[in-house]
Amino acid sequence: MKSLEQQINELNENLVKQLPSEVLAIFGQSIHELKAQGIEESSIGTGEKFPDFNLLNMNSKAIALKELLKNGKVIVAFFRGSWCPYCAVGI
């Protein structure tokens with residue numbers, strides 16, 4: 001099984017072949033801005049405890065992470081939209 005890093009590298013290689021240079025430049029600028037803001041240093045790392053949060057589900061009901069964890073492990077996925085080549089992989 002490929003690591004997430006390997007999958008991202010392959011995705012980036014394919015995007016370079018498929019996307020216009022203007023779009024690639026915008027992606028590159030966004031990544032640069034996030035790194036400049038220190039997002040890598042302030043992000044939760046592997047093995048660290050995720051902070052509790054509440055979100056609305058599809059039925060507008062508030063769901064708390066701590067309540068979900070009572071049933072076992074929880075996977076948190078961030079999906080920006082179908083327009084995002086990183087989020088839409090496999091859709």
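The model is a predicted one.

**Largest pocket**
- The largest pocket has a volume of about 1,200 Å³, and its lining is made up of 23 residues, of which Ile8, Arg80, Cys84, Tyr86 and Cys87 lie nearest the centre.
- Two or more lining residues come from each of helix H1 (4-18), H2 and helix H3 (39-42), and H1 gives the most, with 7 residues.
- Sorted by class, this lining has 14 nonpolar, 5 polar and 4 charged residues.

**Second largest pocket**
- The second largest pocket holds about 160 Å³ of space, and the residues that line it include Phe53, Leu68, Val74 and Phe78.
- The lining of this second pocket has 10 nonpolar residues and 1 polar residue, with no charged residues.

**Aromatic pair**
- The structure holds 1 aromatic pair, formed by Phe50 and Phe53, whose ring centres are 5.7 Å apart and whose planes stand at 70°, so the pair is edge-to-face.
- Phe50 counts as partly exposed at 32% relative accessibility, and Phe53 likewise counts as partly exposed, at 23%.
- Phe53 is also one of the residues lining the second largest pocket.

**Val74**
- Val74 lies in the segment that comes after helix H4 (65-69) and is partly exposed, with a relative accessible area of 30%.
- When neighbours within four places in sequence are left aside, Val74 is in contact with Leu65, Leu68 and Leu69.
- Of these contacts, Leu68 joins Val74 among the residues lining the second largest pocket.

**Positive phi angles**
- Most residues other than glycine have a negative phi.
- Ser60, a residue other than glycine, has a positive phi near 65°, and it lies in the loop between strand S1 (54-56) and strand S2 (62-64).
- Ser60 counts as exposed because its relative accessibility is 57%, where the cut-off for that class is over 50%.
- Gly38, which comes just after H2, also takes a positive phi, of about 80°.

How values were computed: Residues numbered from 1 in each chain as written. Predicted model: local features only at pLDDT ≥ 70, side-chain atom pairs only at ≥ 80, totals over all residues. Heavy atoms only, no water. Helix = DSSP H or I, 4+ residues; strand = E, 2+ residues; numbered from the N terminus. Buried < 20%, exposed > 50% of the residue type's maximum accessible area, 1.4 Å probe, protein only. Phe/Tyr/Trp six-rings, centres within 6.5 Å; stacked < 30°, edge-to-face > 60°. Contact = heavy atoms within 4.5 Å. 1 Å grid on protein atoms, 1.4 Å probe; cavity = no way out; pocket = protein on both sides within 12 Å on 5 of 7 lines; lining within 4 Å. Points joined across faces, edges and corners; volume = space filled by probe spheres on them. Nonpolar A, V, L, I, M, F, W, Y, C, P; charged D, E, K, R; others polar.
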